[in-house]
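User: I'm new to this one and would like to go through it piece by piece. Could you take my questions as they come?

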Amino acid sequence: MKVILSTLNAKYIHSSLALRYLKAYSQREFPDIKILEYSIKEPILQMVSEIYQKDPDVVGFSCYIWNIEETIQLIQLLKKVKPEVRIVLGGPEVSYDLDYWFKRVPEIDVIVVGEGEATFLHLLQALKTKRPLDEVLGIAYREGKTYRVNASQPKLDLNEIPSPYKDLDDLQSLKDRIVYFEASRGCPFSCAYCLSSIETGVRYFALERVKEDLLQLIKSGVKLIKFVDRTFNINKKYALEIFQFLIENHQGTVFQFEITADIMKQDVLQYLIDYAPDGIFRFEIGVQSTNEYTNSLVHRRQNFKKLSETVLKLKESTKIDKHLDLIAGLPEEDYASFRKTFNDVFELRPEELQLGFLKMLRGTAIWKEAKKYGYIYMDKAPYEILANNVLSFSDVIRVKRVEEVLDKYWNAQRMNRTIEYLIRYEFTSAFDFFQQFGDYWESKGWNRIGHQLETLYTRLNDFLIDTGIQHLEIAQSLMKLDYFLNFNHKPRKTWWEFTLTKKEQKEMMKDLMEDLNLSENELHKHVMIEVVPIDIEAFLTIGEIKEQNTLLAVYYNPPDKPKYFTKKR
C-alpha cells in the first residue's frame, strides 16, 4: 500500500513536525511512506501532478488555518483525476465541527481527530487488511451519504513516539529551514480563543530523549529551532535543564520559545542573564491585552506588572530578543482600550511587537460564544473578526493600518532611533504615531505597492513634513544615521539629496584620517559622511536638543557591524 503524507506550509522555509511524527510512528510497518511538503504559494496543479504520479493508495494532509483552503482545492482536483485514492485529513483545523467538513468537502474520506500518531497507524492497518473502519479509534469517516464518528483515541505516552529526527537524508534537507520541536504537549491554561485550552494537562517527553534529538539537529547544522510548547517555562526544573543543555551545546543554533513571562522564576531568569550567549535564545511572549476585564472574559490569568518586570530585566541584559503578541478584537476591548493595551506593551520596547486580530477558531470557547459578543467574522479561514459589539469594522480597518506600518518600521528594526524620538517628543503616544502614519500611508495608496529601503525612508519623511512636526531637522538627522546603519557595506546611494561638494568631502575626509586612523584610500572605500544640523551625540546620550553643525561619519568594516562617529564643525 502506497502512502503519502503531505501539507502546504505557509512558506518554503517552514517544515512540518506533524508529518514527521506520523511517518516515524508508522514506518516500521509501512516503510515506504513518503513525505511531500509544499508551500501555499505553489500552483495547485503542480502539486496534484506530483502526487498523482506517485500513484498513492492513501494521501494524508495536515490541515491548519493557513493552508485549509488551498488543501481543499488540491484534494478536490486530486479526486477528479484519481477518484479511488483515500483522502485522510488531520490537524487542528479539521478536528472540530466534523459535520461542517464532511458536508462542505465531499472528497474527504477520513478525518483523524486530535492526536494522530496511533490513530493514523491503526487506520493504515485497517485499510491494508480491509477491516471495518468502525474499529479504529480517533477517526470520523464517510459512510454512504453520511459519516460516522468513532470513540476517541486514548492519549499516548509521548515516549512511545519514535523520534522524528532519525532520517539522515531528511536532516540534511532541514539545515536551511525552520525546524519545529516539541518537548511537551498540552497547556495548563484555558484561554477561550486558543485550541490548546481544549486539551487538559501537560505531558512531557523524557529529558534524555529531548537532549538527544536536539543534539542530533544541532550537529546536522540546523540554524533555527522553534519550540512549539505552549508554555515552555511552566515546569521550572524541566525548562532550566533544557536551557542549560542548549547553552552548553548550541554551536550557533538559535532557539525560540513561547514563554509565560509573569510566571518566570527569578533564578531561571538570572541564570539566562548570566550564562546565555548573545542571540541564541528568542522568547515569544503572549500579552494579548492589558484590559483585566477582557482577560477575565477569555479566562486568561495574567499579572502584567510581573510580566513587565521580566521583559525589562531581559531587555537590560540585551542577550535575548523578545517578541510580544497582541490580539485586537477580544471581548469588550474597544478601540480606546486597545490603544491603551498597545501603548502599555510598546512601553516595554520589545524587538518585535506582533499585532494580530482575533480568529474565531472552530472548537474554541470564544467561537461557541460568538453571538454573545456580537462577533462578525470571515466564514472561511483564517476566520478573522470583522467587528463585534464594541469594535466596529471601521475601527478594525484603522488598527489594520497600524499593523502595516508597525511591521515595516518597528518590527523590521530599520530606524529605531528615529521612531524612539518621534514617539517620545513629537507624538502623544506610540499608538498615535503608528495610527497617524498608517492613515497617511493608506491615503497615499502605498498599501498597494512594494517598497525598497530607500522608499520607506522617503515616505516617512513625506509624512513628517506634511504633519508639520516641531523638530523636523532632528528626525531627519536620526533618519540619516539609521539609514547608514542598515548596511554592512558602504551604501551606493542615499534616500536624500547628497549636497556636500567634492571639495567639502575631501576636507572632511582629511580631518577624519587622524581621528579614525585610516588611510585616505580606506576612508573613501569604507566611510560614509554627512553633515547634520544638530549635535546628534548629545541628543542620543542625554536627550539634549542643541543646534550644532556636526559631521556624521559611519565606518563599514565587515563582518563587524558599522560604527558611527561625530565631530562638531
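**A walk through the model**

User: Let's start with strand β8 (residues 178-181): which side chains point which way, and are they buried or exposed?
Analyst: This is a predicted model, so keep that in mind throughout. In a regular strand the side chains alternate between the two faces of the sheet. In β8, Ile178 and Tyr180 point one way, while Val179 and Phe181 point the other way, and all are buried.

User: What domains does the chain have, and how far apart are the centres of domain 1 and domain 3?
Analyst: The domain assignment gives domain 1 (3-149), domain 2 (160-361) and domain 3 (488-568). Taking centres over C-alpha atoms, domain 1 and domain 3 are separated by 59 Å.

User: How is strand β4 placed, buried or exposed?
Analyst: In β4 (86-90), 4 of the 5 residues are buried, so the strand is largely enclosed by the rest of the structure. The answer is buried, for 4 of its 5 residues.

User: Which strands pair with β4, and what are the bridge partners of Gly90?
Analyst: Strand β3 (residues 58-62) runs parallel to β4 and is joined to it by 5 bridges. Strand β5 (residues 110-112) also runs parallel to β4, with 3 bridges. Gly90 pairs with Ser62 of β3 and, in β5, with Val112.

User: Which helices do the β-α-β units around β4 use, and what is their handedness?
Analyst: One unit goes from β3 through helix α3 (residues 68-81) to β4, and it is right-handed. Another consists of β4, α4 and β5. Its handedness is also right-handed.

User: How many residues of strand β13 are buried?
Analyst: Strand β13 covers residues 281-288, which is 8 residues. The strand is mostly covered, and the number buried is 6.

User: Where is Tyr141, and how far is its C-alpha atom from that of Trp446?
Analyst: Tyr141 sits in strand β6 (residues 139-143). At 5% relative accessibility it is below the 20% cut-off, so it counts as buried. Trp446 is 305 residues away along the chain, and the C-alpha separation is 48 Å.

User: Which peptide bonds are cis, and what are their omega values?
Analyst: Most residues other than glycine have a negative phi, and most peptide bonds are trans. Another joins Pro558 and Pro559, with Pro559 in the loop between β19 (547-555) and β20 (563-568).

User: What about phi in Asp97 and Thr318, and how exposed is each one?
Analyst: Asp97 lies in the loop between β4 and α4 (98-104), and its phi is positive, about 60°, although it is not a glycine. Thr318 is in the loop between α11 (304-317) and β14, with a positive phi near 65°. Asp97 is partly exposed at 27%, while Thr318 counts as exposed at 60%.

User: How much space is in the second largest pocket, and which residues are closest to its centre?
Analyst: The second largest pocket holds about 800 Å³ of space. It is lined by 20 residues, and the closest to its centre are Gln413, Asn416, Arg417, Leu485 and Lys561.

User: What kind of lining does the second largest pocket have, and where does it lie?
Analyst: By class, its lining has 6 nonpolar, 5 polar and 9 charged residues. Helix α15 (residues 416-426) gives the most, with 3 residues. Both domain 2 and domain 3 give residues to the lining, so the pocket lies between domain 2 (160-361) and domain 3 (488-568).

Note on methods
Residues numbered from 1 in each chain as written. Predicted model: local features only at pLDDT ≥ 70, side-chain atom pairs only at ≥ 80, totals over all residues. Heavy atoms only, no water. 1 Å grid on protein atoms, 1.4 Å probe; cavity = no way out; pocket = protein on both sides within 12 Å on 5 of 7 lines; lining within 4 Å. Points joined across faces, edges and corners; volume = space filled by probe spheres on them. Helix = DSSP H or I, 4+ residues; strand = E, 2+ residues; numbered from the N terminus. Nonpolar A, V, L, I, M, F, W, Y, C, P; charged D, E, K, R; others polar. Domains from an automatic or database assignment. Buried < 20%, exposed > 50% of the residue type's maximum accessible area, 1.4 Å probe, protein only. Pairing = 2+ DSSP bridges. Right-handed = clockwise from strand over helix to strand, strands pointing away.
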